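Hello,

Here is the structure I promised to pass on to you. Please open it beside this email, and then read on for what turned up in it.

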Amino acid sequence: MPSLIHTLQKIVNKVDHAPDIQHALDIIVDSLITALNADISSIFINYEDAEDNLVLMANRGFHEGVIGQVKLKTGNGVVGTVAAKAEPVRLDNALEHKNYVHFEGSGEEAYPIFMGVPIISQREVLGVLVVQRAEQSFNNDDEAFLTTLATQLANAITHAQHSGTMAKLQTDDSASVSCTLKGVAGAPGITMGQAVVISHGITLHSVPDKKIAGDDEIKQQLERFGHAVQQVRDTLHEQAERMQQVLPAEEAALFIAYAQMLEAGSLLDDTHSRIEQGDWAPTAWRKTIDEHCDIFASMDDEYLAQRSDDIRDLGRRVLQILMSSQDEVRVYPHQFILVGEEIAASDMAEVPLEGLKAIISEHGSSSSHVAILAHALGIPAVMGVNQLPYTQMEGLTVVVDGYTGEAYVDPKQALLSELLNSIQQEEQIVDSLKVLKNKPAVTTDGYRVSLYVNSGLMSDHTPSLRSGAEGVGLYRTEIPFQIRESFPNEEEQYHIYRNVLETFSGMPVVLRTLDVGGDKPLSYFPIKEDNPFLGWRGIRITLDHPDIFITQVRAMMRANAGIDNLHILLPMISGVQELEDALILIHRAKDEVQEELEQPLRFPRVGAMIEVPSSIYQIDDICRLVDFISIGTNDLTQYLLAVDRNNEAVADLFSALHPSVLRAMEDIVAGANRQNTPVSVCGELAGDPMGAMALMGMGIESLSMSAGSLLRVKKVIRSFSHAELFEFFAETKAMNDAQDVRDFYVEQLDERGLGGLIRAGN
Ligand code: PEP
Ligand code: MG
């Protein structure tokens, strides 16, 4: 049905460019009348908390005055039946359906032929899309059409829910921007600050909205806009001239037409008046472009409808110049929260860390490296906020709850005081943990565990030392590589490693060799792969580039001279062969350095990360070749459960407490015990109070975690006996599901009054 597909594309395109959700809903109900030859079309939205939760929010065909008035419960009426079944329903006479409820005053009884489809996102019914006719049944093609449209609508509704505009449809509280964002818990803690939006590669869609006030600012924005327009106009004239030599006249004329649109007319006038009314130039321009695109896109004439693409193109050109002229020095608020579509490690390196209070990112999950960095800094992170409305958040007050994965944007007074209460309780807990710094991590029955820190972010090791760590259990060397513009040479690396080894002299320091690839790119060493986590990563890269590997290991060995606390850890070992190859290179580096220094060097302790499932089945052979192993629960979980650690869409499925992951780890520990090889854990699970309980229950004695987690974990260890932890583990291993394991440990923590370690408040 080619014409339906074409119609569908047109509707989707219009919905995509709708300025807000109400326009999107209206566009859909309008289009359905013609596309499906319907007499009535309606959209019901599911406001879950309301008593009659399904509310009619857009309609064509009913009598006036029904919007917001027609309401029913899931399960009631034919519409409620669609929502309850979460399936399409087609009826030739809805009036005869057992659940039929008449909408008084709507006039619908004249149109008994009914088709309704649920609007679903992530298993949740967000609403119901309905069409009705007086005659002629709906067929399979109609149903396919409506179902496809419902999936598009689901995106628009999710976006509106996250930006708070869905709630506003009901309350008509258009001045408020308050909303609650739901993502996944990235790093624990609860805090408050002002949003600072980070945008890479601005598009018309991602322009951050800002308000301006006062004649000076208005004048400045008008001038900025004027310069950008002038510049684009000049470029267009130049391009027109060049194109006249290679294109037919009518094609080249397009450039002149573009330039003319920037000489006078509504594009300019509308933008000027928006600036005068208080929008900064980029927002004013975006709104104007959207409005003009809408007008063209809604035209039936194919040629004219496509002109909306030209306007958008023009919009992009002017915007690019506008934004590049906006590179003023950024002033950061005293306490701020980085918000963006994708926050990179390098973004964190560029901001004043003393004011950075939290992170909110549209993409990523709890084991993304940015979340791990937040953990290392001891600040909360909320990741994977689907359709994060970051363009509207600049400067707003935001409370970030890194325990639940929620963020409250501009919370209203009552909610704010509740949140401030939780923030205060959190500060009390953090304060009360400080006394544990110099106390040992020992269970109530005297079983001693060693706690180390994961590091790599900064050369400043104060947070690690302040946490009372007994050494560094994982130094991610790729981080200093990531924040540079080219590979650091041996001398630069020597200084970085010497600094860590010296700071922790007398304590073990585990330096991991370069683990780039996956979600840890190096800007100066681009790797293009369809499947980066299954691709050229970690040890695979360094074995293919012995030059990089040997330089790094030489720098480590030189840095270790006279200190002797270096442990080298090899990432992503998938089998014995890789390990043997790496060991040959490490021996070569040692011989070279020894000869140059003209003094005997002790061969450092070398360990393998166990994070690729295949290594579990060679665990005895691997242990025979190394001095220690370290379990990387982040990658081990990702590879065992086949869940991308970075993909927010499957973040719910990523759990290192999954019984299968626990059993795999138990096998690793058993293999290491057979070979008398020490085992530690350096993945995020080690720093999760519940994870630490499980790991100790399987006999692990060494845990390495972010500095921010260390005292919480110590508190847990000092609150239980080793015997109890063993019993807990035996019980959880037999469970079916990660959530059951989690619930079980939450219960144990709550019983000891330790709930505040894993959630905001007590
Ligand atoms: C892990 O995979 O658990 C780990 C510690 O390494 P990274 O998170 O750096 O991949
Ligand atoms: Mg890893």
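Two strands pair if DSSP finds at least two bridges between them. Strands (E, at least two residues) and helices (H or I, at least four) are DSSP runs, numbered from the N terminus. With that in hand, you can find Val-472, whose bridge partner in E17 is Val-509.

Some ground rules before we go further. This is a predicted model, in which local features need pLDDT of at least 70 and side-chain atom pairs count only at pLDDT 80 or more, while totals for chains, interfaces and linings use all residues. Residues are numbered from 1 along each chain as its sequence is written, chains are lettered from A and ligands numbered from 1 in the order in which they are written, and side-chain values use heavy atoms, with hydrogens and water left out.

**Strands around E17**

Strand E17 covers residues 509–512. It pairs in the parallel sense with strand E16 (residues 472–476), over 3 bridges. E17 also runs parallel to strand E18 (residues 566–570), and 4 bridges join these two. One place to look is Val-510, which has His-567 as its bridge partner in E18.

Which way do the residues of E17 point? Val-509 and Leu-511 point one way, Val-510 and Arg-512 the other way, and all are buried. Buried means under 20% relative accessible area, exposed means over 50%, and partly exposed is in between (1.4 Å probe, protein chains only).

**Strands around E20**

Strand E20 (residues 628–631) has Phe-628 and Ser-630 pointing one way and Ile-629 and Ile-631 pointing the other, and all of them are buried. E19 and E20 are a parallel pair with 4 bridges, and Ile-610 has Ile-631 as its bridge partner in E20. To get from E19 to E20 the chain passes through H20, and this β-α-β crossover is right-handed. Right-handed here means that, with the strands pointing away from the viewer, the path from the first strand over the helix to the second runs clockwise. E20 also pairs in the parallel sense with strand E21 (residues 679–681), over 3 bridges; there, Ser-630 has Ser-680 as its bridge partner in E21.

Glu-611 sits in the loop between strand E19 (605–610) and helix H20 (619–625), while Asp-635 is in helix H21 (residues 633–641), so the pair, 24 residues apart, links distant parts of the chain. Glu-611 counts as buried because its relative accessible area is 2%, and Asp-635 is buried because its relative accessibility is 2%.

A polar side-chain atom of Glu-611 lies 2.9 Å from an oxygen atom of ligand 1, and an N or O atom in the side chain of Asp-635 is 3.0 Å from an oxygen atom of ligand 1. For Arg-512, the distance from a side-chain N or O atom to an oxygen atom of ligand 1 is 2.8 Å. In total, 17 residues surround ligand 1, and the closest are Arg-476, Arg-512, Gly-632, Asn-634 and Arg-645. A residue is near a molecule if one of its heavy atoms lies within 4 Å of it.

**Helix H22**

Helix H22 has 16 residues (659–674), and at 1.5 Å a residue they should span 22 Å; the end C-alpha atoms are 23 Å apart, which agrees. The expected span is 1.5 Å times one less than the number of residues. The buried residues of H22 include Val-661, Leu-662, Met-665 and Ile-668.

**Positive phi angles**

Most residues other than glycine have a negative phi. Gln-136 is not a glycine, yet its phi is positive, about 75°. Gln-136 is found in the loop between strand E6 (124–133) and helix H4 (140–163), and it counts as exposed because its relative accessibility is 57%. Glu-598, also not a glycine, has a positive phi of about 55°. Glu-598 lies in the loop between helix H19 (576–597) and E19, and is exposed, with a relative accessible area of 72%.

Happy exploring!

Key: Polar contact = N/O pair within 3.5 Å; in protein donor to acceptor, adjacent residues only side chain to side chain.
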